[in-house]
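Dear colleague,

I am passing a structure on to you, with its sequence alongside, and I would be glad if you looked it over before reading my notes.

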Amino acid sequence: SQPQRKTISVTVDYGLSLTDMIAKGKYEYVNSDITAEHFPVLGTGAEKEKTEIVLVRFGFAIGSDKAVTELAVMGLEPARLEHACALGATYSDLRRKYSVVFLGSSWVRPSRYRRVPYLGLWDRERGLRLHDWGGEWDAHYRFAAVRKTAGQDNIDDHLELLEREKT
């Protein structure tokens, strides 16, 4: 079956620090490893950027690598942590409905596990959490993505790396 898609508009305020972006979401829980050092914001300046976020639900368990590949086939790239902050601040009830994964930002822990942010509900707490890249995401997760732009080749680089690893 075809993945379900829902498009939502948000405004990312690059004039804010990551700490301030997170504070606007009024989360009941924020993973202490979500810091500007681990997850640098890519945009800069006082610029506000209106962005269309596409929430994609595949409807089956899927690994992070496969999800990135499937998003690329749709002409999308994974959204980043700054998109998560804007989405969480603008649509606070969204994370009560389902968990949203942001594969465009990741951090490798000293233990070598790669971690990615997601918005979700855990034990009734709305939170900005981290989850391991490896393994599979359950069928209920949504993956936040943005339309692929000409200047951003990180997904192509990721796909090329995956191809090299297969050989």
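This is a predicted model: local features need pLDDT of at least 70, side-chain atom pairs count only at pLDDT 80 or more; totals for chains, interfaces and linings use all residues.

Ser99 sits in the loop that runs between helix 4 (94–97) and strand 6 (100–101). If its neighbours within four places in sequence are left aside, the residues in contact with Ser99 are Tyr118, Leu119, Gly120, Leu121, His140, Tyr141 and Arg142.

As general background, nonpolar side chains in soluble globular proteins tend to be buried together. In this model the largest nonpolar core has 28 residues, and those that touch the most other members are Leu55, Leu81, Leu87, Val100, Phe102 and Leu128. Two or more residues of this core come from each of strand 1 (4–13), helix 1 (18–23), strand 3 (48–57), helix 3 (81–90), strand 9 (125–132) and strand 11 (142–147). Helix 3 contributes the most, giving five residues to this core.

Leu87 deserves a look of its own: once its neighbours within four places in sequence are set aside, Leu87 is in contact with Ile8, Val10, Ile53, Leu55, Leu94, Val100, Phe102 and Leu119. Another core, of 18 residues, lies apart from the largest one, and its members include Val68, Val116, Trp133 and Phe143.

Of these, Val68 belongs to helix 2 (residues 64–73), and with a relative accessible area of 2% Val68 is buried. Although Val68 and Leu103 are 35 residues apart in sequence, their C-alpha atoms are 7.5 Å apart in space.

**Two residues with positive phi**

Lys26, which is not a glycine, has a positive phi, near 50 degrees, and is placed in the loop between helix 1 and strand 2 (29–30). Is Lys26 buried or exposed? Its relative accessible area is 66%, and so Lys26 is exposed, the cut-off for that word being over 50%.

Arg112 likewise has a positive phi, of about 80 degrees, although it is not a glycine, and Arg112 is found in the loop between strand 7 (107–108) and strand 8 (114–122). Arg112 is exposed as well, with a relative accessible area of 74%.

With best wishes

Terms used:
Residues are numbered from 1 along each chain as its sequence is written. Side-chain values use heavy atoms; hydrogens and water are left out. Helices (H or I, at least four residues) and strands (E, at least two) are DSSP runs, numbered from the N terminus. Buried means under 20% relative accessible area, exposed over 50%, partly exposed in between (1.4 Å probe, protein chains only). A nonpolar core is a set of buried Ala, Val, Leu, Ile, Met, Phe, Trp, Tyr and Cys residues joined through side-chain atoms within 4.5 Å. Contact means heavy atoms within 4.5 Å.
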